[in-house]
Amino acid sequence: MPTRAPTFKPAHQRTTAQRRQDFDRSRADAPWRRWYGTARWQKLRTHQLSLHPLCEWCLESEIVAPATEVHHTDGGHKGDEEKFWTGPFVSTCKPCHSSRGQREDHGQKVVVFGADGWPL
Ligand SMILES: [Zn+2]
């Protein structure tokens with residue numbers, strides 16, 4: 001992966017967007033980021049997606065969508081190695097993972113409506 005040379009600016013010149021970028025970068029450096037690149041994770045991911053090939057969150061609303069992501073549900077792993085490898089996991093489609101998954105990771109309660117229009 002190509003790495004860009006870091007550019008340095010005095011702290012007072014950094015914008016909110018740049019500070020957010022710094023935060024993302026520090027997340028990118030987190031050890032668990034690398035665990036996603038391991039053969040162990042690939043195997044676990046393939047296993048989860050073969051067990052649950054459809055997006056489990058879409059199914060709650062009776063929508064059939066193929067799952068492409070494996071999400072750490074129940075509050076996420078938060079860098080906990082044990083939780084990272086043992087789950088609980090949920091198979092999701094990309095849109096669910098980037099919307100509901102992100103909100104779950106930030107500890108927000110997600111209200112889901114079923115096909116009958118009532119919250120689940
Ligand atoms: Zn979905």
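Reader: Is Cys55 buried or exposed in this structure?

Author: This is a predicted model, in which local features need pLDDT of at least 70 and side-chain atom pairs count only at pLDDT 80 or more, whereas totals for chains, interfaces and linings use all residues. Residues are numbered from 1 along each chain as its sequence is written, and side-chain values use heavy atoms, leaving out hydrogens and water. Because Cys55 has a relative accessible area of 0%, and the cut-offs are under 20% for buried, over 50% for exposed and in between for partly exposed (1.4 Å probe, protein chains only), Cys55 is buried.

Reader: How many disulfides does the structure hold?

Author: Another cysteine, Cys93, is also buried, with a relative accessible area of 8%. A disulfide would need a pair of cysteine sulfur atoms within 2.5 Å, and the number in the structure is 0.

Reader: With which side chain does the side chain of Ser91 make a polar contact?

Author: Ser91 lies in strand β2, residues 89-92, where strands (E, at least two residues) and helices (H or I, at least four) are DSSP runs numbered from the N terminus. With 0% relative accessibility, Ser91 counts as buried, and, leaving aside neighbours within four places in sequence, Ser91 is in contact (heavy atoms within 4.5 Å) with residues including Cys55, Trp57 and Glu69. A polar contact is a pair of N or O atoms within 3.5 Å, one able to donate a hydrogen and the other to accept it, with residues adjacent in sequence counting only if both atoms are side-chain atoms. At 3.0 Å, the partner of the Ser91 side chain is that of Gln48.

Reader: Within what arc do the buried residues of α3 fall?

Author: Helix α3 covers residues 39-51, and Trp41, Leu44, Gln48 and Leu49 are its buried residues. They line one face of the helix, because seen down the axis of α3 (by directions from the axis to the C-beta atoms) they fall within an arc of 130°.

Reader: Which exposed residues does the opposite face of α3 carry, turned away from its buried side?

Author: The buried residues of α3 are covered by elements including α2, α4, β1, α5 and β2. On the face turned away from that buried side, the exposed residues are Ala39, Lys43 and Ser50.

Reader: What share of the residues in the protein chain is buried?

Author: The chain has 6 helices and 2 strands, which run α-α-α-α-β-α-β-α from the N terminus on. Of the 120 residues in this chain, the buried share is 29%.

Definitions and conventions
Expected span 1.5 Å × (residues − 1).
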